[in-house]
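Reader: I would like to learn how to read the features of a model such as this one, with the cut-offs behind each term. Could we begin with the strands?

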Amino acid sequence: MISRLLVANRGEIARRIFATCRALGIETVAVHSDADAEAPFVAEAGQAVRLPGHTPAETYLRIDLILDAARRCGADAVHPGYGFLAENADFATAVADAGLTWVGPPAKAIAAMGDKLAAKTLLAEAGVPMLPSWSEADQVTDFPVLVKAAAGGGGRGMRIVRDPAGLPEAVASARREAASAFGDGTVFIERYVERGRHVEVQIVGDRHGMVLALGERDCSIQRRHQKIVEEAPALLDAELRDRLHQAAVAAGQAVDYVGAGTVEFLLSEAGEFFFLEMNTRLQVEHPVTEAVTGLDLVRLQLLVAEGEPLPLSATPPVRGHAIEVRLCAEDPAQGYRPATGTLHRFTVPGVAAEFTPHQGLRLDSGVIDGSAVSVHYDSMLAKLIAWAPTRAEAARALAGALARAELHGVTTNRDLLVRVLRSPEFAAAQVDTGFLDRHPEVLAPLLPPAELPLVALAAALASAAARRAAAPVLAGLPSGWRNVPAVPQVTRFTGGDGGEIEVRYRLDRVGRLAHWSTSPVGDSTATSPAGSTPATPNESGEARAETGEAVTLIEASPERVVLEVAGVRRGYRVHRTGSEVFVDGPDGSARLVESPRFPLPGAALAAGSLLAPLPGAVTRVHVEVGQQVAAGDLLLTLEAMKLEHPVFAPTDGVVTELPVSPGGQVDTGAVLAVVNPLEEAS
C-alpha cells in the first residue's frame, strides 16, 4: 500500500490530491519552484522540496530533480497531477525504474496516446470514428483545419486556419507554444468542424482488465480552445450516450488502460461523433463527474495503483446536474490575456466543500488571500463547481456565487463566466465550441457604466470613513466638515478603463450626505447615476438630482457603505489596499485607484509607445528601426503563462524605437516599440 505520496505538480491539483490523501491516511510530499515557495499547496504538504528555478523547464519538467526529491523524502509513490509531466511516458518509466508506485496508466499506454497521430491510427482500427488528419502542411486538402499539439492538450498550440495562406505561420507558432508547454513541438492538422460540441467520456481501468465509463461531460464552451465551462451529464439521447461510452471503453481496452483517463470526442450538428484525443491523466474538470456520481476519482486512482480491483462493476447512476467554471487571472480589457499580480482577497460565498466530492457548491482553488499570480504558469486560479437536482438550478447557484465573490488584486474572467451562465442560450443548452464567437455580448462587464458614479461615491465615502477612523483627534467629526458648507470634498479615481472620475460630496454636521456629484475628469458636466445634473440637498439630508432621484447615506464605514437610491437601499462592500479600492455592489464589481491629491510629476512616454501588457520573454522580433509598417502587422511576440502574445502595429507608421531583442525579459508596462504614424514620421 502507498504510505507517502509525492505530487509532481502544483496549485489546485496538488491541493486536490492532498485532500484525498489526508482522508486515506497517506502522507504527502510537495515539490515547488522558487516562484511557488509560499503557495498554499506547499504549506499543506507534510514535506516539501525546493526545485531551484522559476520556469517549468527548470523545475516541474525536471524528472531527475523530482525523483531525487522522492528519494530524499522517503516517498514510495508519485502522482503526476495534470499538465507538466503527467502524460510523459519517460517520466512514468523513470518512476517505475526507481522502485516507486506510479499513480497513472502504464508508460506504454501513455506513449500510445501521447503520439496523437499514432493514437488515431490505433483507435481507428478499434472502430473509433476519426476525423481526416495530416502530419504536414503541404498534405492538407480541405479547409478549415485545426492545428494541434501532438504531445499535450489544454488548448496549447491549437490554431484554427481557414485558408492555405495562413497555415505555415500557424504551424510554426503552434510548434513553439507546444514546445514551451510540453517540451515537444510536434503538431498535426485535422479537419475543423464548425459548431461542434466537445463531449468527453471519463473512463477508469484496473490491472485486472476492467475498463468502465463513468459518464460524460460537455466541455463545449471554450476560449482560445481552452475549456472554461464544463458540465455533467452532457445533454444527449440515450442511444448516442451509449455509443459514446462504448467507443471510449474500446479506446481504453485497446491500450490496456489503468487508472483514470478521458476520451474526448467532437459531436457534429448532424449527430456524428469523432475521436479527438485521449488524455491519459486526471482532467481539470473531473469534479463535475464526481458530483453526479458520488465517486472520488483520486481515490480510485490510488486504489488501482496499489493493484486493487475497481470497487464497482458497471457505470454508476447519475444524480442531478453539475457545472464547473474555470476562474482565471485574465484581463478583459486586454482581450483576456493572462494577468499577474497579488491576489489581495479571494472569497467565494456559500462554499460547502473544497477539493472533495460534494453535492452543493465546491471550490478547488490554488490560491488564497495574498497569493502571488506568477507569469511562469497557467492563469487558472480556481475551479468553482455547483451541483443541484436540475441544470437550471446548478447554473443559477453557480452564477450567483461567482457574482458575489470578492476577487481583489488580479483581474479575472469572472464577469464573462457569470454572463455565460445567465445567458438565454446557455439556459436552452444551445452550446458549441463557437459559443463565445457568436455571443460577444457575454464579454461585457457585469457593472453597467451608469452605475459607476454610485460605486465611485461609495469608494470615496469609505475612504473618508477610514481616514476618520484613523484620526488621532476629533475622529467623530464628519470628514471635510466646515463652517462654510459650500466647499465639497473632492476625490479622484482612475477606473479599469484608464479613465478618471471625480467625486464631489458634502456631509452635513451630523454626517448625512448633503450633496454629491461625479464627473469624468476634464468634463464640466457633473452626473448622477442617471446622467442628471448635480444633486442638491433637502431638509432630510438626501442628495436629490434634477430628475427626482434621491441618494441618502444610510451607513458609511471603511468596509461597508449603504446608500438609498430613489427609495431602494443598496449595499457596497469596500476593500482598500494602498491606493487601490475594490467595491463589490449589487450590480457588479469595480477596481478604482484613488489619485493622490498632489501628484508628483512623471516622465512622459513617447507618442506611439507600445507597452508590454504583462511580464514575459520576447521570443521573436519581426521589424527593425526605420521600417515602415501597416496597421495590423506583427511586430514582435511575447511568451508568458504558457501562451504566445503577438504585438501588432496599431496604425500605419514607421518603427522609430525598438528597445527589446529576442530572448529579453520585460516587465508589465515596459516599452516594446514605438510606432509613429506616417504623417508624423514624415
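Author: Take a pairing of strands: β35 is joined by three bridges to strand β42 (residues 671-677), and the two run antiparallel. Strands (E, at least two residues) and helices (H or I, at least four) are DSSP runs numbered from the N terminus, and two strands pair if DSSP finds at least two bridges between them. Within this pairing, leucine 611 has valine 671 of β42 as its bridge partner. This is a predicted model, in which local features need pLDDT of at least 70 and side-chain atom pairs count only at pLDDT 80 or more, while totals for chains, interfaces and linings use all residues. Residues are numbered from 1 along each chain as its sequence is written, and side-chain values use heavy atoms, with hydrogens and water left out.

Reader: To which sheet do β35 and β42 belong, and in what order do its strands lie?

Author: They belong to an open sheet of four strands, ordered β35-β42-β40-β37 with antiparallel pairing. The edges are taken by β35 (609-611) and β37 (628-629), each of which has a single partner strand, so one side of each is left without a neighbour in the sheet.

Reader: Which strands form the open sheet with parallel pairing?

Author: That sheet has five strands, in the order β3-β2-β1-β4-β5. Here β3 (47-50) and β5 (101-102) stand at the edges with a single partner strand each, and therefore one side of each lacks a neighbour in the sheet. Inside the order, strand β1 (residues 4-7) pairs with strand β2 (residues 27-32) in the parallel sense over four bridges, and arginine 4 stands opposite glutamate 27 in β2.

Reader: How many residues of strand β7 are buried?

Author: Burial is a matter of relative accessible area (buried under 20%, exposed over 50%, partly exposed in between, with a 1.4 Å probe and protein chains only). In strand β7 (residues 145-149), five of its five residues are buried. Val145, Val147 and Ala149 point one way, whereas Leu146 and Lys148 point the other way. The strand has antiparallel partners as well: three bridges pair β7 with strand β8 (residues 159-161), and five bridges join β7 to strand β9 (residues 187-191). Valine 145 stands opposite valine 161 in β8, and alanine 149 has valine 187 in β9 as its bridge partner.

Reader: How should one check the length of helix α15?

Author: The expected span of a helix is 1.5 Å times one less than its number of residues. For the 18 residues of α15 (residues 452-469) this gives 26 Å, and because the end C-alpha atoms are 26 Å apart, the model agrees with the expectation. Helix α15 is also mostly covered, with 13 of its 18 residues buried.

Reader: Which residues have the most contacts inside the largest nonpolar core?

Author: In soluble globular proteins, nonpolar side chains tend to be buried together. A nonpolar core is a set of buried Ala, Val, Leu, Ile, Met, Phe, Trp, Tyr and Cys residues joined through side-chain atoms within 4.5 Å. The largest one in this model has 60 residues, and those with the most contacts inside it are Ile2, Leu5, Leu6, Phe41, Phe91, Leu214 and Leu302. Helix α10 (residues 297-305) supplies the largest share of this core, six residues. A second, separate core has 41 residues, including Ile228 and Val410.

Reader: How is the aromatic pair of phenylalanine 91 and tryptophan 102 arranged?

Author: A pair of aromatic rings is described by the distance of the centres and the angle of the planes. Rings of Phe, Tyr and Trp (its six-membered ring) pair if their centres lie within 6.5 Å, and planes under 30 degrees apart count as stacked, over 60 as edge-to-face and the rest as tilted. The whole structure holds four aromatic pairs. Phenylalanine 91 and tryptophan 102 form an edge-to-face pair, 5.4 Å centre to centre with 85 degrees between the planes. This pair links distant parts of the chain, since phenylalanine 91 lies in helix α4 (residues 89-97) and tryptophan 102 in strand β5, 11 residues apart. Phenylalanine 91 is buried at a relative accessible area of 0%, and tryptophan 102 is buried at 8%.

Reader: What joins the side chains of aspartate 218 and arginine 197?

Author: They are joined by a polar contact of 2.8 Å. The term covers a pair of N or O atoms within 3.5 Å; within protein, one must be able to donate a hydrogen and the other to accept it, and residues adjacent in sequence count only if both atoms are side-chain atoms. Aspartate 218 is placed in strand β11 (residues 211-223), and its relative accessibility of 4% counts as buried.
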